Amino acid sequence: MSDSDQKIIADLKDANKRDLAFHVLVRTYQERLYWHIRKMVMNHDDADDILQNTFMKVWRSIDTFREESSLFTWLYRIATNESITFLNSKKKKSLIPLSEENEYLMENLMSDPYFEGEAIQLKLQQAILRLPEKQRIVFNMKYFEELKYEDMAQILDTSVGALKASYHHAAKKVEEYIKSSD
Amino acid sequence: MDELKNIAPELSKLKKEVPFSTPEGYFDDFSARLQMRIEAEKQTVAPRKTRFLQIFKPALGLAASFALIFLLVYVPLKTFMPDQENTVAVVTDSVDPNLMNVIEHLDESSFFTMLDDDNTNSEFTDDELTMYVSANFNDYEIYENLDIH
């Protein structure tokens with residue numbers, strides 16, 4: 001764990017420094033977490049809600065953080081779980097069948113006024129959205145965020161081997177989609 | 001990167017750009033908006049506790065008063081007053097259950113035959129007779145019999 005993270009955690013556990021330390025934590029991690037969430041849910045408004053919920057959860061449960069993992073993996077884990085919970089509840093509320101989840105996310109992407117990619121980027125996003133949920137999360141974390149497999153294993157609570165296999169399959173599928181739709 | 005080139009050569013040629021944007025100044029405002037939400041939560045959690053106490057405080061006070069009065073009255077009474085119910089129970093229990101059984105199952109004619117029979121060494125006492133009458137006749141029947149005789 002980095003020195004700055006250790007200082008943030010120590011200050012968060014000190015009641016007198018807590019507010020300021022939390023502000024520093026938010027400023028440090030808000031962008032990384034936002035893009036991680038945004039790639040999962042596609043839509044800005046949804047990503048904003050989930051990011052707020054993520055930090056609220058961090059605020060409420062900072063005392064339970066055991067420092068066995070790094071601050072960064074703990075935050076990513078909460079953000080990932082919040083995103084998955086959000087998508088599941090959205091599916092239940094909208095009565096979306098599992099098979100149509102990708103279409104729902106694609107609609108989310110197309111209707112978002114803050115999507116401004118080129119045609120090839122749109123195609124890449126379409127390919128990613130066709131992946132199963134777990135492969136999609138793994139692909140985004142490895143391809144865009146370039147996280148280490150060891151960190152991903154902590155965040156997603158799975159083995160490095162399983163992650164490598166997931167990424168391999170995901171990358172193959174994305175490649176095939178890009179080639180086929182050229 | 002080499003791993004990706006081997007698995008997906010076309011994909012590895014693409015620029016790793018995130019095709020999304022955010023509203024202007026989103027990240028500048030985010031921390032302040034979050035702080036407002038935290039402050040709102042702090043304020044809603046604290047009054048909720050006091051509101052709960054405000055609602056239940058009079059009821060709890062009343063219940064405590066009743067409990068205190070009950071203890072002040074009941075405990076001395078229980079300690080110093082004689083136990084009347086137990087005395088009654090002892091009296092009732094002192095009657096021989098076998099005798100009660102015989103009396104209750106005796107029909108009227110057999111009972112009077114036994115009374116009239118001077119040769120019979122009757123062991124009925126007044127109390128046993130009273131027990132029999134009260135167990136087998138109601139008030140109306142007793143008074144009716146008194147009128148006839």
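**A look around chains A and B**

Biologist: Hi! Leaving aside neighbours within four places in sequence, which residues is A:D48 in contact with?

Modeller: A:D48 is in contact with A:Y34, B:Y26, B:F30 and B:R33, where contact means heavy atoms within 4.5 Å. This is a predicted model, in which local features need pLDDT of at least 70, side-chain atom pairs count only at pLDDT 80 or more, and totals for chains, interfaces and linings use all residues. Residues are numbered from 1 along each chain as its sequence is written, chains are lettered from A and ligands numbered from 1 in the order in which they are written, and side-chain values use heavy atoms, with hydrogens and water left out.

Biologist: Where does A:D48 sit in chain A?

Modeller: A:D48 belongs to helix 3, residues 44-61. Helices (H or I, at least four residues) and strands (E, at least two) are DSSP runs, numbered from the N terminus.

Biologist: Why does A:D48 count as buried?

Modeller: Because its relative accessibility is 11%. Buried means under 20% relative accessible area, exposed over 50%, and partly exposed in between (1.4 Å probe, protein chains only).

Biologist: New topic: what is the phi of A:M42?

Modeller: About 75 degrees, a positive phi although A:M42 is not a glycine. Most residues other than glycine have a negative phi. A:M42 is in the loop between helix 2 (18-41) and helix 3 of chain A, and counts as buried because its relative accessibility is 0%.

Biologist: And A:D157, is that one buried or exposed?

Modeller: A:D157 is exposed, with a relative accessible area of 57%. Its phi is near 55 degrees, again a positive value in a residue other than glycine. Look for A:D157 in the loop between helix 8 (149-156) and helix 9 (160-180) of chain A.

Biologist: Over to chain B. How many helices and strands does it have?

Modeller: Chain B has eight helices and zero strands. Of its 149 residues, 14% count as buried. Its accessible surface is about 12,100 Å², with 60% belonging to carbon and sulfur atoms; such areas come from the Shrake-Rupley method with a 1.4 Å probe, and for residues only the protein chains shown count as cover.

Biologist: Which residues make the nonpolar surface patch on chain B?

Modeller: B:L68, B:I69, B:L72, B:V73, B:L77 and B:M81 make a patch of about 610 Å². Patch residues have over 30% relative accessible area and no salt bridge; like charges are joined within 9 Å, nonpolar side chains (Val, Leu, Ile, Met, Phe, Trp, Tyr) within 5 Å. A salt bridge is a side-chain nitrogen of Lys or Arg within 4 Å of a carboxyl oxygen of Asp or Glu.

Biologist: And where is B:V73?

Modeller: B:V73 lies in helix 3 (residues 26-80) of chain B, and counts as partly exposed at 47% relative accessibility.
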